[in-house]
Amino acid sequence: MSDENGQKKLAMAVMSGDMDKLFGAFIIANGAAAMGMEVTMFFTYWGLRAIKKNMNTGTTFFGRMLGLMYGGDISKSHPSKFSFGGMGRWMFGKMMGSHNVATLGEMRDMALQLGVNMHGCQMSMDVMEIPQETFIEGVKEPVGVGYFLLKAQEADVQFFI
Amino acid sequence: MSDENGQKKLAMAVMSGDMDKLFGAFIIANGAAAMGMEVTMFFTYWGLRAIKKNMNTGTTFFGRMLGLMYGGDISKSHPSKFSFGGMGRWMFGKMMGSHNVATLGEMRDMALQLGVNMHGCQMSMDVMEIPQETFIEGVKEPVGVGYFLLKAQEADVQFFI
Amino acid sequence: MSDENGQKKLAMAVMSGDMDKLFGAFIIANGAAAMGMEVTMFFTYWGLRAIKKNMNTGTTFFGRMLGLMYGGDISKSHPSKFSFGGMGRWMFGKMMGSHNVATLGEMRDMALQLGVNMHGCQMSMDVMEIPQETFIEGVKEPVGVGYFLLKAQEADVQFFI
């Protein structure tokens with residue numbers, strides 16, 4: 001639903017950390033922001049890495065193990081197909097670069113500059129032991145599913161990615 | 001669209017049977033139901049296991065084979081990443097438990113108690129040979145895609161998970 | 001939002017090329033079209049193969065490699081689980097056939113006959129080097145994410161698959 005000023009809204013839950021899905025999410029977010037829509041992205045589970053700095057996380061044994069297996073930042077994401085131990089990422093990077101497509105990290109930073117609202121899911125952050133201070137600058141405060149659902153209710157477009 | 005009483009509505013197609021996606025689906029469903037929304041979940045393909053009892057299915061050769069490979073109940077779901085032949089499930093179970101997050105089965109049962117409407121997709125049930133009597137108590141009658149689309153049309157929020 | 005004639009609308013981004021996800025996408029599209037809804041499908045990345053003819057693509061080295069690894073047409077799609085180097089596709093084909101479910105190709109052709117609007121995502125087509133002339137007859141002109149978002153804004157139902 002547009003608000004009183006007629007601004008259209010988009011709400012997106014981003015659970016995937018796959019390179020291709022994240023490209024999709026940020027291309028949609030940036031396109032929408034460029035069209036003047038209010039955009040809210042709610043990052044959960046695997047999606048949390050997309051807003052992380054390149055640093056290790058985890059306090060308990062399992063949390064540290066997860067931090068080792070799924071650590072780093074957005075540049076570590078693999079395509080969901082043809083991963084080939086990193087070769088897929090390299091190949092897609094080449095193909096995108098040669099067609100003048102920005103990197104994932106550049107797209108995310110552009111989204112922040114366009115005013116896209118990014119929030120980590122509090123529960124996922126707790127379970128995966130990824131605290132707010134590991135997120136890049138510009139990411140807003142953690143929120144719960146209730147906040148996301150309120151945003152989704154008033155949005156014209158909603159996606160689960 | 002809210003109905004005449006102003007009740008907001010959510011419609012979700014759940015095709016995935018992955019542990020993490022199902023957590024996402026039930027956390028959203030329970031959050032929405034707790035906020036007073038009418039929630040409809042339409043379980044298709046791999047999602048059907050989420051509403052199954054722990055029993056074998058299948059009548060034809062292929063159906064029985066599928067029942068063996070993808071049988072059991074919601075507790076058998078693996079995370080979409082780091083499955084490690086079951087170790088991933090165990091590890092995520094530990095991490096969630098230590099952060100006081102309910103199990104998937106508990107979340108689903110809570111959803112039923114909160115009045116979430118769960119339906120199996122009739123066509124998927126036929127193809128995968130998973131009949132209504134293998135579902136847990138509280139799951140409503142099987143419906144087709146037309147029913148789901150009518151619910152989605154009148155919903156304020158729709159997701160495909 | 002229904003238009004002045006009250007026609008309901010559905011907008012779908014199809015990024016997945018998995019057999020099961022595509023079944024879901026086309027079953028929803030055909031169901032919606034049969035109910036009189038205006039349906040727009042926006043095929044991106046792996047989803048592009050669903051509207052391709054059975055021919056090779058790619059001009060650069062990486063593009064040709066991708067064409068070899070992920071070439072062919074919709075009949076080459078694998079289920080997202082139990083792929084088993086093609087056996088999963090064969091098995092699901094058998095199970096669907098024995099329950100009188102159409103093949104993926106038949107469902108897509110039915111969607112075209114029902115007037116479903118199918119577009120390739122221009123950027124994905126550029127990056128993956130899959131030009132419009134490799135698409136089957138009936139696929140409309142390539143569009144960008146802005147076009148898709150406009151369609152999504154005015155749609156009653158939107159999905160990302």
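Predicted model: local features only at pLDDT ≥ 70, side-chain atom pairs only at ≥ 80, totals over all residues.
Residues are numbered from 1 along each chain as its sequence is written, chains are lettered from A and ligands numbered from 1 in the order written, and side-chain values use heavy atoms, with hydrogens and water left out.

Let's start where chain C meets chain A. Here 26 residues of chain C are in contact with 30 residues of chain A (contact means heavy atoms within 4.5 Å). Together the two chains bury about 2700 Å², 80% of it on carbon and sulfur atoms; buried area is the accessible area, taken with a 1.4 Å probe, that two parts lose on being put together, summed over both. Trp46(C), Phe62(C) and Phe160(C) supply 25% of the area that chain C buries against chain A, more than any other three residues.

What about polar links across this interface? The rule finds three residue pairs in polar contact, both residues at pLDDT 80 or more, and zero salt bridges. A polar contact is a pair of N or O atoms within 3.5 Å; within protein, one must be able to donate a hydrogen and the other to accept it, and residues adjacent in sequence count only if both atoms are side-chain atoms. A salt bridge needs a side-chain nitrogen of Lys or Arg within 4 Å of a carboxyl oxygen of Asp or Glu.

On chain C, helices H2 (61–69), H5 (122–128) and H6 (145–153) and strand S4 (157–160) each supply at least two residues of the side that touches chain A. Helices (H or I, at least four residues) and strands (E, at least two) are DSSP runs, numbered from the N terminus. The largest share, seven residues, comes from H6(C).

Strand S4 of chain C leads us to the sheet. Four strands of chain C form an open sheet in the order S3-S2-S1-S4, with parallel pairing (two strands pair if DSSP finds at least two bridges between them). S3 (117–120) and S4 of chain C are the edge strands, each pairing on one side only. Strand S2 (residues 38–43) of chain C joins S3(C) over four bridges, and Phe42(C) has His119(C) in S3(C) as its bridge partner.

Now over to chains A and B. There, 26 residues of chain A are in contact with 30 residues of chain B, and about 2700 Å² is buried between them. H6(A) gives the most to the side of chain A that touches chain B, with seven residues.
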